[in-house]
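Please look at the sequence and the 3D view first.

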Amino acid sequence: MISIVTNIEEINRLEWSNFVLNHPQGNIFQTPEMYDLYKVTNNYTPIVFVAIKDSKIVGVLLATIIVNGKSVINFLTKRSIITGGPIVKENNIEIESLPGPCACVTAMTLCGLDSKRFMFYGFL
């Protein structure tokens, strides 16, 4: 069974780094070092999803939530960017299309992740 880990403290950083380094599509944008850089960059909040199977990393996705400063409308301009990923062991991931205007809500429902911090305001 595959589990998804999002708590940075529970992720083996050396294993994460080696996974990205040895992956054919591995790139700097999916590394723990890039996570650290995003963490100290103003208006950027990194989020990492690491897939683990049999105690080994089999997938990594590093995303950043970017806001435009501390203005009143920053909740309207907040966005998540995924650069250079996701990367999956042997590229053997099955991808399901989730069409429609609420695909992100459907994705959050189907993925099984804790969605307490997820808010969808709709499309402007």
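The model is predicted, so local features need pLDDT of at least 70 and side-chain atom pairs count only at pLDDT 80 or more, while totals for chains, interfaces and linings use all residues. Residues are numbered from 1 along each chain as its sequence is written, and side-chain values use heavy atoms, with hydrogens and water left out.

**Helix 1**

Helices (H or I, at least four residues) and strands (E, at least two) are DSSP runs, numbered from the N terminus. At the start of helix 1, a side-chain oxygen of Asn 12 comes to within 3.0 Å of the backbone nitrogen of Leu 14. This is a polar contact, a pair of N or O atoms within 3.5 Å; within protein, one must be able to donate a hydrogen and the other to accept it, and residues adjacent in sequence count only if both atoms are side-chain atoms.

Trp 16, Phe 19 and Val 20 are the buried residues of helix 1. Buried means under 20% relative accessible area, exposed over 50%, and partly exposed in between (1.4 Å probe, protein chains only). The three cover an arc of only 95 degrees around the axis, which puts them on the same side of helix 1; the arc is that of the directions from the helix axis to the C-beta atoms. On the face turned away from this buried side are the exposed residues Leu 14, Leu 21 and Asn 22. The cover over the buried residues of helix 1 includes helix 2, strand 2 (44–53), strand 3 (56–66) and strand 5 (87–88).

**Aromatic pairs**

The structure holds two aromatic pairs. Rings of Phe, Tyr and Trp (its six-membered ring) pair if their centres lie within 6.5 Å; planes under 30 degrees apart count as stacked, over 60 as edge-to-face and the rest as tilted.

| Pair | Type | Centre to centre | Angle between planes |
|---|---|---|---|
| Trp 16 and Tyr 35 | edge-to-face | 6.2 Å | 70 degrees |
| Tyr 38 and Tyr 44 | stacked | 5.8 Å | 10 degrees |

Trp 16 lies in helix 1 (residues 13–22) and Tyr 35 in helix 2 (residues 32–39), so their pair ties together parts that are 19 residues apart in sequence. Both Trp 16 and Tyr 35 are buried. In the other pair, Tyr 38 counts as buried at 11% relative accessibility, whereas Tyr 44 counts as partly exposed at 30%.

**Core and loop**

A nonpolar core is a set of buried Ala, Val, Leu, Ile, Met, Phe, Trp, Tyr and Cys residues joined through side-chain atoms within 4.5 Å. The largest one has 16 residues, and those with the most contacts inside it are Ile 11, Trp 16, Val 48, Val 50, Ile 57 and Val 60. Helix 1, helix 2, strand 2 and strand 3 are the elements that give two or more residues to this core.

Gln 30 sits in the loop between helix 1 and helix 2 and counts as buried, at 0% relative accessibility. A polar atom of the Gln 30 side chain lies 2.6 Å from the backbone nitrogen of Leu 62. Leaving aside neighbours within four places in sequence, the residues in contact with Gln 30 include Trp 16, Val 20 and Ile 82; contact means heavy atoms within 4.5 Å.

**Salt bridge**

A salt bridge is a side-chain nitrogen of Lys or Arg within 4 Å of a carboxyl oxygen of Asp or Glu. By this rule there is one salt bridge, in which the side chains of Arg 13 and Asp 36 meet (2.4 Å, N to O). Arg 13 lies in helix 1 and Asp 36 in helix 2, so the pair ties together parts that are 23 residues apart in sequence.
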